Amino acid sequence: MSLKLRVRFSKVGKIRFIGHRDVARVTERAVRKVGLPVAYSQGFSPRMKLSFGLALPTGYESEAEFVELPLVADAVRDGGAAEPGARHAAGPVIVCRSGTHAPCEHGLQSAGPGYCTVAEALSEALPVGMEVSAATLVDGRGPSLQAAVHSCGWQFEIVGLDASAAAKAVADFLAAGTVVTERVHKGETVSSDIRPSVEVLQVVGCSDRGAVLNAELSATPRVVRPSELVPALAPAHEMGIARRTHQWTSGAAGRAEPAVPAVCAQKNKEPISG
Amino acid sequence: MTTLWPRLEPLLPRVSKPARYIGCEDGMQRPTVGPHLTSWLLAYPDTYEIGLPNQGLQILYELLNERPDASAERTYAPWIDLEAEMRAAGLPLFSVDTHRAAGDFDIIAFNLSAELVYTNVLNCIDLAGLDVRAARRNDDDPLIGAGGHCAYNPEPLADFVDFFVIGDGEEVVAEITEAVGAWKRTGKRPGTRATILRDLAGIEGVYVPAMYDIAYDGPALAAVTPKYPDVPALVAKRTVADLAEWPYPRRQLVPVTEVVHDRLSVEVFRGCTRGCRFCQAGMITRPVRERPAAQVREMVTSGLERSGYDEVSLMSLSTADYSGIAELVRDTVTAGGAGGNTTGGTGGADANRISVSLPSMRVDAFTVDVAAQVSRARRTGLTFAPEAGSWRLRQIINKLITEEDLYGAVRSAYSQGWHRMKLYFLTGLPSEMDPDTEAIAHLADACTRIGQEYTKRASVTVSLGGFVPKPHTPFQWFGQNPPEELARKVRLVRSALGRNRRVQLKWHDPAASTAEGIASRGDRRVGAVIEYVWRKGGTFQEWSERFDLSLWEEAMAACGLSLDWYVYRHRGEHEVLPWDHIGAGLHRDFLWHDWQDALAGHGLPDCRWTPCYDCGACTEYGIEHMVASPVAPNGGSQGTGQDLATGHLVPVELRPRQLAGAGAPSGGGA
């Protein structure tokens, strides 16, 4: 059976200003640094086969980015027998150039020096602000993340707006049947109704810059970004930092995330106000 | 030492490519500050993506941060959109490492790789909150330094820069750090700036323009005279004798956003003695100093492992001349540890191979052997530089490669799977006549016909640059072609190419060559021109969409200077040149004789492999070539018509071959 490694990572702090292509490049180098046995495309110029979830706009933060890395055929072994002397739990391990790592499942803890999970090894290889919170093995034949994700959870600031004004704006927004906004798409100004894409919108508090809101925005009929909501909510205000908190797919029992953060990989989370 | 990040961050969502300004590179140092540390801000006066890969800056960045008495950060010219935001918000120029204000540093040191960045240097000084004119800056303002190849004619920037470093920077930055550190500990008291400048002028290889009087005789320069007896009349360049002692950068910066050379770079040698008469780099960086093969291999292996790159550039002025180049490329391709990381059936066999890029390749050294080694991994772009279309003209510029050499290299490349390559030529060379120019088209056409023997897709890109004479070269006396003439020559090539669709012609803007010519051989009076262009908003003049020759013409007129005098006129043997007080090691009479030999069509062989003709670079400094092979790596006459197998009679210092068992063998270079 072909297997993929599904990786969940964050993008917070200064690193939020790199673009989607930059993230791909940085990830590719991190995979090579760890020596993960990832499959390459065929042909004259073989490239690593990475597939990401929905692209994150440059400048946005996220604690829910996903990338899937298809592994080569014999990459995953039974950890019980591998590497004499290795201190890790029984179960599958991935043989990398830099060492043998376990995929990071729920509850699995790093057991000591000389041994770490794939998530830890990748976090170490990625820039500060990109931390891997989960790395799990999934069936390689599943649908692409990009096709599977149907909505995203967001948290964003509206600079200089107080919480009560924000609450009123949200109430008006949700009460409206249609909210038509304009945006520039491929050099042309197009107007569209964003209201159907907004599943949840609420004020959750205040940062030192302004009101903080949560939203859930569906990926259909088109992907709507928080920056499109702000002009509709508070035309005189700018959006502060926006952070993606979830990417939702349909699971067996309702919605589910492609991978949830595992305990073993939590570190260095920066608060949104930092 | 406060960070400006909280003020910068809100501006970044409004500008293009915000990742230019965040730092965050793998390899970024964590510089500390303190009264006991001399703090350097290393500045590249162009955009981040152009400046970040600069090896010179990265070497000094590491060296300085390793010192207990120094710290170094980096800055790059902000693009015009961020500059506008910064000026509106009152935000000064900042470092990308800790986002400290440029004005907080003791030294702001600019890398000068090209003349057209000079207006950006002024803009950066201004953005730092300092007066652009050195004489008007305060005692405790940062000292403005500059180095790099353009510093070999420092005069156009002499009014703005406090000190220039001539030559290799590795050793001299230590001496500058100590001098500035001592001054810093005294509190940089009022009236002491002149003292530190005079101290700096006493360091070998450091030129302090304020320590010299300039005398003119009408439009001509009459004399450059030291103001004090302890200030040298000739500032001689610094040269690092043995590259093996400087395995830098050890931790090359790996950026988080795309830059122009996004790969591992390892300098395999410094200097070049091919003797191309137009080439300033080859003249000022003599002699040839090869890095030992074992050290190159170590830097490649550890660099790849650390960085995660899958491409290496083996850097030098002419990499195919490196002793044992084919073996080095062979080992580099597999340096990524192929075999340890099985690709199974899903990846190609080449998935773990390292791509090798060889910049600046001579066609007579690019053999089928080298081509075969490079092509084992993903093929990198190939550029050959015949420089001139006819053998007659190549003898004049001393680029001694024959048509057969070029066709051999091109055949090697096509036969090893390349479909296209780039050929680089100069036009506007001394004695160039129309048949020489048109020969460019004939060469390109012949190359595509060779290519068609191997592939239906064979094509060639001809890149045509207008020749700008450079200081410290035999062509420094030559009058540059005006833009109309360069444009005519471009048209000549274009019409000679006819409808050959396999040849794509690209050319450098002839107008930009004129502006480059002003700065290249200008004297101190040209400083006012640069300031004028800058004040009129003429920044990023290297960028074609920002360049405007009329601004430069207007500036020359406003300053009462003549384009003909500075750019288009031939110079005479006894004329005082603005850079005569800067020593590149080359005897002036060697350069003049080589210029006369050029006009007579006489070639000059490579002194690595033939007897010394005493240009001055070695004899003046008591140093020698350091190469591993006593003969040309690829044998033959290298186009000189001489038997270069006599190379062992040449007084070169040979590196011992690697000891058996100490890693991969270096192989027989000859």
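Two strands pair if DSSP finds at least two bridges between them. Helices (H or I, at least four residues) and strands (E, at least two) are themselves DSSP runs, numbered from the N terminus. With that in hand, strand β3 (residues 61-70) of chain A pairs with strand β13 (residues 239-251) of chain A in the parallel sense, over 2 bridges.

Before going on, a word on the model. This is a predicted model, in which local features need pLDDT of at least 70 and side-chain atom pairs count only at pLDDT 80 or more, while totals for chains, interfaces and linings use all residues. Residues are numbered from 1 along each chain as its sequence is written, and chains are lettered from A and ligands numbered from 1 in the order in which they are written.

## Chain A

Let us stay with β13(A) for a moment. Strand β8 (residues 151-159) of chain A runs antiparallel to β13(A), joined to it by 7 bridges, and here A:Ile158 stands opposite A:Met239. Strand β14 (residues 254-256) of chain A also pairs with β13(A) in the antiparallel sense, over 3 bridges. A hairpin connects β13(A) to β14(A) through 2 residues, with A:Gly251 facing A:Gly254 across the pair.

Now for the chain as a whole. Chain A has 5 helices and 14 strands. Of its 274 residues, 43% are buried, where buried means 20 or more other C-beta atoms within 10 Å of the residue's own, exposed means 12 or fewer, and partly exposed lies in between, with C-beta atoms placed from the backbone. Two residues are in contact if their C-beta atoms, placed from the backbone, lie within 7 Å. Among contacts in chain A between residues at least 6 apart in sequence, 68% join residues at least 24 apart.

Domain bounds come from an automatic or database domain assignment. For chain A it gives domain 1 (3-143) and domain 2 (150-256). Between them, 10 residues of domain 1 of chain A are in contact with 11 residues of domain 2 of chain A. The side of domain 1 of chain A that touches domain 2 of chain A holds 6 nonpolar, 2 polar and 2 charged residues. In these classes, Ala, Val, Leu, Ile, Met, Phe, Trp, Tyr, Cys and Pro count as nonpolar, Asp, Glu, Lys and Arg as charged, and the others, Gly among them, as polar.

## Chain B

Chain B is divided into domain 1 (5-211) and domain 2 (243-336 + 352-525 + 561-654). The centres of these two domains of chain B, taken over C-alpha atoms, are 30 Å apart. Their contact takes 30 residues from domain 1 of chain B and 37 residues from domain 2 of chain B. On the domain 1 side, the elements of chain B that give two or more residues are α2 (48-51) and α3 (55-66), and α3(B) provides the largest share, 5 residues. By class, that side of domain 1 of chain B divides into 16 nonpolar, 5 polar and 9 charged residues.

An open sheet of 3 strands in chain B has the order β10-β13-β14, with parallel pairing. Strands β10 (264-267) and β14 of chain B stand at the edges with a single partner strand each, so one side of each is left without a neighbour in the sheet. β10(B) and β13(B) are joined by 4 bridges, and B:Leu264 stands opposite B:Val312 in β13(B).

Helix α10 (residues 325-333) of chain B is mostly covered, with 9 of its 9 residues buried. Among the buried residues are B:Glu327, B:Arg330 and B:Asp331. The cover includes α9 (293-307), β13 (311-315), β14 (355-357) and α11 (368-374) of chain B.

| Residue or bond | Backbone value |
|---|---|
| B:Tyr248 to B:Pro249 | cis, omega near -5° |
| B:Arg286 to B:Pro287 | cis, omega near -5° |
| B:Cys24 | phi near 70° |

B:Pro249 sits in the loop between β9 (235-236) and β10 of chain B, and B:Pro287 in the loop between α8 (280-284) and β12 (289-290) of chain B. Are B:Cys24 and B:Asp614 buried or exposed? B:Cys24, in the loop between α1 (5-8) and β1 (38-44) of chain B, is buried, with 21 other C-beta atoms within 10 Å. B:Asp614, in the loop between α20 (588-600) and β20 (626-627) of chain B, counts as exposed, with 12 C-beta neighbours inside 10 Å.
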